[in-house]
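Hi,

Here is the structure I promised to pass on.

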Amino acid sequence: MSTAKLLARICALPLGLALGAVQPAYPQEPEAPADEQPAPVPVEQPLPYSHKTHVALGIQCRDCHAIADPGFTAGYPAEATCMACHASIKTESPHIQLLAKLSSEGTAVPWNRIYRVPDFVWFSHASHVEDAGVECETCHGPVAQREVLFQEKPTTMAACMECHARNNAPNDCDLCHDPG
Ligand code: HEC
Ligand code: HEC
Ligand code: HEC
Ligand code: HEC
Ligand code: HEC
């Protein structure tokens, strides 16, 4: 980031933040007004995949959701990752037979997307997880306890900005809308 841009970002901060008012340590839970909290609607998926079952087997989040360079996305696991076990586990299940068929055809499972921000928003997993040390659960809830996922944390502009303000992170418009 250029010095001019850095200065512009510092100047755009509310005075209290710029003067180093005492801030709680991050990462913190994003909070949104109650009327912005998304309703807990489980999202239907093409296979009855359970995070609870699979995380309990000891598989780490990032074994399946690699935050690969340049780090914008966490992504979905390759079908080969699943077949490492399912070539021999539960092969009598019609769901696993569908998984095996897609995998052998080289077709990705058509998972339905749960969390998404519009294209005009700049968001990076690497910046938050690796650089800022924010936990997955802070933005996605207790995934390891869920049989079925749903959007349980907001991704509204207000939610992003509130967490930034509480964590002493910049909040000027071009941070999220026009990074250069
Ligand atoms: C064995 C592989 C595997 C592991 C381990 C795993 N996931 Fe997933 N994850 C998936 C698959 C498959 C999906 C798509 C199906 C679904 O949404 O449940 C998914 C979906 C998600 C989504 C929703 C993405 C969207 O569509 O917006 C989030 C968030 C997520 N995982 C977070 C996590 C976190 C946090 C952990 C660790 C606690 C984790 N996952 C561990 C395979 C895995
Ligand atoms: C470390 C081994 C392992 C990996 C990797 C793995 N699974 Fe599983 N999976 C299991 C086990 C164990 C069960 C539980 C089997 C049982 O109920 O007896 C299971 C159950 C399932 C079931 C339920 C099947 C049914 O009909 O009851 C689905 C669907 C499934 N896995 C999908 C996936 C997908 C998709 C991936 C890749 C994202 C994946 N699994 C990766 C071990 C694994
Ligand atoms: C600061 C909040 C935040 C953190 C921390 C975070 N995510 Fe996300 N996640 C998001 C947002 C926002 C999206 C939607 C991104 C988009 O549409 O580009 C998303 C999307 C996803 C998706 C859907 C596919 C994709 O890559 O866009 C998966 C899977 C996912 N996150 C998993 C994880 C896992 C696993 C971790 C921890 C290693 C994690 N996330 C940490 C906010 C976060
Ligand atoms: C859990 C709190 C939290 C949430 C929620 C959150 N952020 Fe952040 N974000 C941070 C922190 C902390 C930083 C690091 C600030 C710094 O550089 O010290 C950051 C940094 C950033 C950066 C700068 C990254 C870089 O590499 O320069 C962007 C852009 C950003 N966030 C966008 C977003 C967007 C868009 C959302 C909502 C979809 C969001 N953030 C939600 C805490 C959060
Ligand atoms: C920390 C990240 C972040 C910052 C800073 C930010 N925005 Fe946003 N903005 C978002 C996200 C995320 C959305 C998409 C919200 C959604 O999907 O509902 C958005 C959406 C918008 C939209 C589309 C209309 C709407 O309300 O959904 C406009 C216009 C906008 N922002 C303008 C601005 C302006 C002007 C500023 C500076 C005062 C700003 N944004 C600062 C994250 C940010």
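The 6 donor atoms around the iron atom of ligand 2 subtend angles of 88 to 179°, so the arrangement counts as octahedral. For reference, the ideal angles for six octahedral donors are 90 or 180 degrees. His54 and His86 coordinate this iron through their NE2 atoms, at 1.9 to 2.0 Å. Histidine 54 sits in helix H3 (residues 51-56) and histidine 86 in helix H5 (residues 79-86), so this pair links distant parts of the chain, 32 residues apart. Before you go further, please keep in mind that this is a predicted model, and every value here is computed from it.

Next, ligand 4. Which residues coordinate its iron atom? They are His128 and His164, each through NE2, at 2.0 Å. Histidine 128 belongs to helix H7 and histidine 164 to helix H9, and this pair also links distant parts of the chain, 36 residues apart. The 6 donor atoms around the iron of ligand 4 subtend angles of 88 to 179°, which makes the arrangement octahedral.

The surroundings of ligand 4 look like this. There are 19 residues around the ligand, and Ser127, His128, Cys160, Cys163 and His164 are the closest. Both coordinating histidines turn up again when you look at polar contacts: a polar side-chain atom of histidine 128 is 2.8 Å from a nitrogen atom of ligand 4, and an N or O atom in the side chain of histidine 164 is 2.8 Å from a nitrogen atom of the ligand. Serine 127 has a polar side-chain atom 2.8 Å from an oxygen atom of ligand 4. H7, H9 and H10 each supply at least two residues of this shell, and H9 gives the most, with 3 residues. By class, the shell around ligand 4 has 13 nonpolar residues, 6 polar ones and no charged ones.

On to ligand 5, where the protein donors are a methionine and a histidine. Met157 (SD) and His177 (NE2) lie 2.0 to 2.1 Å from the iron atom. Around that iron, the 6 donor atoms subtend angles of 86 to 179°, which makes the arrangement octahedral. Methionine 157 lies in helix H9 and histidine 177 in helix H10, so the pair ties together parts that are 20 residues apart in sequence.

For ligand 3, I have notes on the shell around it. Histidine 125 makes its contact through the side chain, with a polar atom 2.9 Å from a nitrogen atom of ligand 3.

What is its volume? About 210 Å³. The pocket is lined by 14 residues, and those nearest its centre are Val121, Met157, Cys160, Cys176 and His177. Among them are Met157 and His177, the protein donors of the iron of ligand 5. Helix H9 (157-166) and helix H10 (173-177) each supply at least two lining residues. By class, the lining has 9 nonpolar, 4 polar and 1 charged residues.

Finally, a few backbone details. Most residues other than glycine have a negative phi, and most peptide bonds are trans. With that in mind, look at these spots:

- Aspartate 69 and proline 70 are joined by a cis peptide bond, with omega about 5°. Proline 70 is in the loop between helix H4 (61-64) and H5.
- Lysine 90 has a positive phi, near 60°, and is placed in the loop between H5 and helix H6 (94-105).
- Asparagine 168 also has a positive phi, near 60°, and lies in the loop between H9 and H10.

Happy to go through any of this with you.

Cheers

Methods:
Residues numbered from 1 in each chain as written. Chains lettered and ligands numbered in written order. Predicted model: local features only at pLDDT ≥ 70, side-chain atom pairs only at ≥ 80, totals over all residues. Heavy atoms only, no water. 1 Å grid on protein atoms, 1.4 Å probe; cavity = no way out; pocket = protein on both sides within 12 Å on 5 of 7 lines; lining within 4 Å. Points joined across faces, edges and corners; volume = space filled by probe spheres on them. Helix = DSSP H or I, 4+ residues; strand = E, 2+ residues; numbered from the N terminus. Nonpolar A, V, L, I, M, F, W, Y, C, P; charged D, E, K, R; others polar. Polar contact = N/O pair within 3.5 Å; in protein donor to acceptor, adjacent residues only side chain to side chain. Donors = N, O, S within 2.8 Å, 3.2 Å for Na, K, Ca; no water. Tetrahedral: all angles 85-135°; square planar, octahedral: opposite > 155°, others 65-115°. Near = heavy atom within 4 Å.
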